[in-house]
Amino acid sequence: MATREFAKSGLNGASINVISELTKTSKRMIYYYFGGKNGLYHAVIDANYQRIREAESHLDLEALTPIDALTALISVSFDFHSQNPDFVRLIMVENLHNGAHTRGAGDISERNMTAIDTLRGIYQRGVADGVMRGGIDPIGLHLTISALCFHYISNRETFSALFDYDMKSPTALAVRRQAVIDVVVRYVRQ
């Protein structure tokens, strides 16, 4: 519920009163546990990043070929973004604040390094197997995957309005998901 309020209203516009009503808790408890709105906002960002990392951790990537592992990772990322538009909005809000609440936040940075480590492992196996080309930075690869997944959700309202195209339909989601997989896999292939 706090995620929705921060995603809808931003950090400055979000109301502790509204959050306490939505979560059926007292403002005093929010201040006690989180130290205020900024602390709660930080905890919400951390919890949302934890959710996407947990979704990735349930994949048995070592049992898959490097291309299949990359495909599975992209699929989970795309599905998570499309099923959690408040996550996308929350990250947009944080970017409007120049990453102030994630910059220097060791817990958030450390949690998210698992995404890079996982991708690096897949990529190194792919290069060793001769199915992926060398010279690709895992952070850059993660950025590419994130950008393709994120943009589809962050801009779908305006894109739908401009082009009269229902980007939320199951067909549109399936087509875009496959396109993201194809773009990234073709990028890394040997």
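Tutor: Let's start with D46, which is buried, at 12% relative accessibility (buried is under 20% relative accessible area, exposed over 50%, partly exposed in between, with a 1.4 Å probe and protein chains only). Bear in mind that this is a predicted model, where local features need pLDDT of at least 70, side-chain atom pairs count only at pLDDT 80 or more, and totals for chains, interfaces and linings use all residues. Residues are numbered from 1 along each chain as its sequence is written, and side-chain values use heavy atoms, leaving out hydrogens and water.

Now for D46's partner: R111 makes a salt bridge with it, and their closest N and O atoms are 2.9 Å apart (that is, a Lys or Arg side-chain nitrogen within 4 Å of an Asp or Glu carboxyl oxygen). Since R111 sits in helix α7 (residues 106-128) and D46 in helix α4, the pair ties together parts 65 residues apart in sequence (helices are DSSP runs of H or I, at least four residues, numbered from the N terminus). R111 itself is partly exposed, at 24% relative accessibility. Across the whole structure, a search finds eight salt bridges.

Helix α4 (residues 37-57) also meets helix α5 (residues 66-83): their axes come within 9 Å and cross at roughly 145 degrees (axes are lines fitted to C-alpha atoms over the stretch in contact, with angles from 0 to 180 degrees between N-to-C directions). Who touches whom? On the α4 side you'll find N48, R51, I52, A55 and E56, and on the α5 side L73, V76, S77, F80 and H81 (contact means heavy atoms within 4.5 Å).

How values were computed. Helices (H or I, at least four residues) and strands (E, at least two) are DSSP runs, numbered from the N terminus.
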